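Here is a walk through one protein and its ligand. Keep the viewer open as you read.

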Amino acid sequence: MVRGVLVSRLSSSYGAFLAASSSLAPLSNGKHCPLSLPSSFKVESHFGSLWSLSHLSTGSTMCKAYFSKKALEASEVVDIDWDGLGFGLVQTDFMYIMQSSSDGTFNKGELLPFGPIQLNPSAAVLNYGQGLFEGLKAYRKEDGSILLFRPEENALRMIAGAERICMPAPTVEQFVDAVKQTVLANKRWIPPTGKGSLYIRPLLVGSGPVLSLVPASEYIFMIYVSPVGNYFKEGLAPINLIVEKEFHRATPGGTGGIKTIGNYASVLKAQKVAKEKGYSDVLYLDSVHKKYLEEVSSCNVFVVKDNVISTPAAKGTILPGITRKSIIDVARSKGYQVEERLVSVEELLDADEVFCSGTAVVISPVGSITYLGKRIDYGNKGVGVVSQELYSSLTSLQMGLVQDTMGWTVQLK
Ligand code: COI
């Protein structure tokens, strides 16, 4: 289990707190820990205002953090190669952890230094995949403020997913508050405007020990973040997909419609084979008729024909993407007809454009799709007009470049 004590937020500045601190525990390197340490603890290390302690008799470690709101929201930006960002993990300073009580409710969580957590080998998530994840992003605006995009939608989707796999979940309020705290604590890792975003990854996992197949008795909700650039190595250039005939992402009655971790492990094989053949990713068909479009491995799919934009209806096997839902609303507001329905693979043959959507991929234009050995090309190797229009509208909103008439963004300070 993750052990820790609560993060204290002081109203004065950190410097003032240090000066005022009366209880200093000596450290071997001559520094002093501004904590009142019980005699059973010793200081292992410290990072800025975070102090890692270990219990002298049990050896168990805990972290205690003392920093002011001002220190937490430090405004400087880390010095990394922002132009070289892809979609890989860049470790940041803090993660957020909140554990369930025995009655299944979540109590006050805490910020801890980013790092490994301890799990019982028989934790339900490790043995039976009882876990969910979410994904959302924070953007840095020119004026230094930070924007989150529809965080309450992620909270609601986590609650729905948790119900499906018998887990308690944080409330919308707890979820959004935790996201805000984590983003502010890692503010210096939010890329400068136009260089990317801070990807936020909330996780909810069954941490309690099980052996028989039952829901866990304890759960951990945690959040970590990473600055990210484009998801596909192609950047914003069109990607090349192959339609998968054998493997399926989801089945009716299964868990395709929730963001459970197992859905993503199950696509790795087909994705690996596709990448080895030079494709960017895989487009899945439904498992019953093997004829209707489902999703790409990590994102939803849209097909454009004339003024009509079609996407598979989010019924059971399709993840109700928040970017998907936002695109539908933006497209309708621009006068497009949007249809959520069964979309036959045959429709790819005479589509004008195809694009993918997701938090990670945002909107990714599709340059070609290979189906039964035949390659269909779109957009003359460039980005389609509709994909470009929707990409510009959505990202301007997310980055705060235009007024948010939809009421979707949440501004942090
Ligand atoms: C996201 O788009 O946020 C996802 O969760 C997909 C993931 C595979 C990166």
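Predicted model: local features only at pLDDT ≥ 70, side-chain atom pairs only at ≥ 80, totals over all residues.

Residues are numbered from 1 along each chain as its sequence is written, and side-chain values use heavy atoms, with hydrogens and water left out.

Start with the ligand. Residues around the ligand (a heavy atom within 4 Å) include Phe87, Phe133, Arg201, Tyr231 and Ser298. By class, the shell holds six nonpolar, three polar and two charged residues. Here Ala, Val, Leu, Ile, Met, Phe, Trp, Tyr, Cys and Pro count as nonpolar, Asp, Glu, Lys and Arg as charged, and the others, Gly among them, as polar. Domain 2 (82–228) and domain 3 (239–390) each supply at least three shell residues; the bounds come from an automatic or database domain assignment.

Now the polar contacts (N or O pairs within 3.5 Å). A ligand oxygen lies 2.5 Å from a side-chain N or O atom of Tyr199. For the side chain of Lys259, the distance from a ligand oxygen to an N or O atom is 2.7 Å. Ala360 uses its backbone: a polar atom there is 2.8 Å from a ligand oxygen. The protein covers 89% of the 280 Å² of accessible area that the ligand has on its own (Shrake-Rupley, 1.4 Å probe).

The structure has two cavities of 30 Å³ or more; a cavity is a set of points on a 1 Å grid where a 1.4 Å probe fits but cannot get out. The largest cavity holds about 110 Å³. Its lining (an atom within 4 Å of a point) includes Leu136, Phe149, Ile322 and Gln398.

Conventions:
Polar contact = N/O pair within 3.5 Å; in protein donor to acceptor, adjacent residues only side chain to side chain. 1 Å grid on protein atoms, 1.4 Å probe; cavity = no way out; pocket = protein on both sides within 12 Å on 5 of 7 lines; lining within 4 Å. Points joined across faces, edges and corners; volume = space filled by probe spheres on them.
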